[in-house]
Amino acid sequence: METEAGTAPKIEIASLRKQFGAQVVLKDVSLRVEPGGVVALIGPSGSGKSTLLRCINLLVVPDAGTVRVGADRFAFGAGARLPGTRALARFRANTGMVFQHFNLFPHRTALANVMEGPLTVRRMRRPDAEALARALLAKVGLADKADQYPSRLSGGQKQRVAIARALAMEPEVMLFDEATSALDPELVGEVLAVMRALAADGMTMVIVTHEIAFAREVADRAVFLRDGVVVEEGAARALIDAPREPETRAFLSHFH
Ligand code: ADP
Ligand code: MG
């Protein structure tokens, strides 16, 4: 589908449904993100934000609906053929995900953590993978930490390595699931600064965050999810400053 500007969205999710046991966690969720767009996904705990992000990179397989990122599109539901292992791996590599907890390999240096994907998934030559990894560590401000093991890094530094590791797959989009929630307050800013720079660079991003001021500043669109339903969606500043729906207003009142 074409937008007014004539460019297709980079991410297009339509009529997504996901159920865990008897609980319907996502009910007919649709979401579009323009190329270079940044969407903040906000909502109370348990509203389905993580599940939606995991459906966008197919860590969670939806029960119904369609998921498209760039040129790759998958349909789910009755009669749909599920993607094979190779198609899934390619799709996930193109959709970088950063979690609340860093998930770095503890027995590998920062450099080796970032080189892992380029070597094993992208099958790059070692010197090329190393050059890429060093460039990405520099980009997240950690050129001098390349040879450190994760245990020697602060939480903020570990999270920046995790961002560099996701970028090493050269993904078309980046998904952030509460990337700063586990950090000590004084370390949040350095991670948000890297995310802000990525957005300014034109990366297409979906950010689940409780940093409402950051979402207002960096995101161009915001989506408020509650009980697996998109309650309200709009320009980030308008939605955050002047929510239309009472549920959005009630949620945002906790952050003032
Ligand atoms: P949020 O990220 O907004 O806090 P989640 O997507 O993590 O919400 O969870 C939404 C609901 O789905 C919650 O009730 C949660 O307990 C449930 N849920 C999430 N993942 C699973 C799972 N793998 N199995 C069963 N229930 C799950
Ligand atoms: Mg979550």
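Modeller: Leu58, the residue with a positive phi near 60°, follows helix H1. The model is predicted, so local features need pLDDT of at least 70, side-chain atom pairs count only at pLDDT 80 or more, totals for chains, interfaces and linings use all residues, and side-chain values use heavy atoms, with hydrogens and water left out. Residues are numbered from 1 along each chain as its sequence is written, while chains are lettered from A and ligands numbered from 1 in the order in which they are written.

Helix H1 covers residues 49-56; helices (H or I, at least four residues) and strands (E, at least two) are DSSP runs, numbered from the N terminus. Because six of its eight residues are buried, H1 is largely enclosed by the rest of the structure.

Let us turn to the strands. Four of them form an open sheet in the order S2-S1-S4-S5, and their pairing is antiparallel; two strands pair if DSSP finds at least two bridges between them. At the edges lie S2 (23-33) and S5 (72-76), each of which pairs on one side only. On average, neighbouring strands of this sheet are turned by 15° against each other, direction ignored. Such angles run from 0 to 180 degrees between N-to-C directions, along lines fitted to C-alpha atoms, for helices over the stretch in contact. Strands S1 (residues 11-20) and S4 (residues 64-69) run antiparallel and are joined by five bridges. Ile13 stands opposite Val67 in S4. Helix H2 (residues 85-93) packs on this sheet and touches S4 and S5, its direction making about 120° with that of S5; contact here means heavy atoms within 4.5 Å.

Further pairing involves strand S9. Strand S3 (residues 38-42) runs parallel to S9 (residues 221-226), and four bridges join the two. Leu41 has Val223 in S9 as its bridge partner. Strand S9 is also joined to S10 (residues 229-235), by six bridges, and here the two run antiparallel. For Ala222, the bridge partner in S10 is Gly234. S9 and S10 make a hairpin with two residues between them, and in its turn Asp227 has a positive phi of about 50°.

Key. Buried means under 20% relative accessible area, exposed over 50%, partly exposed in between (1.4 Å probe, protein chains only).
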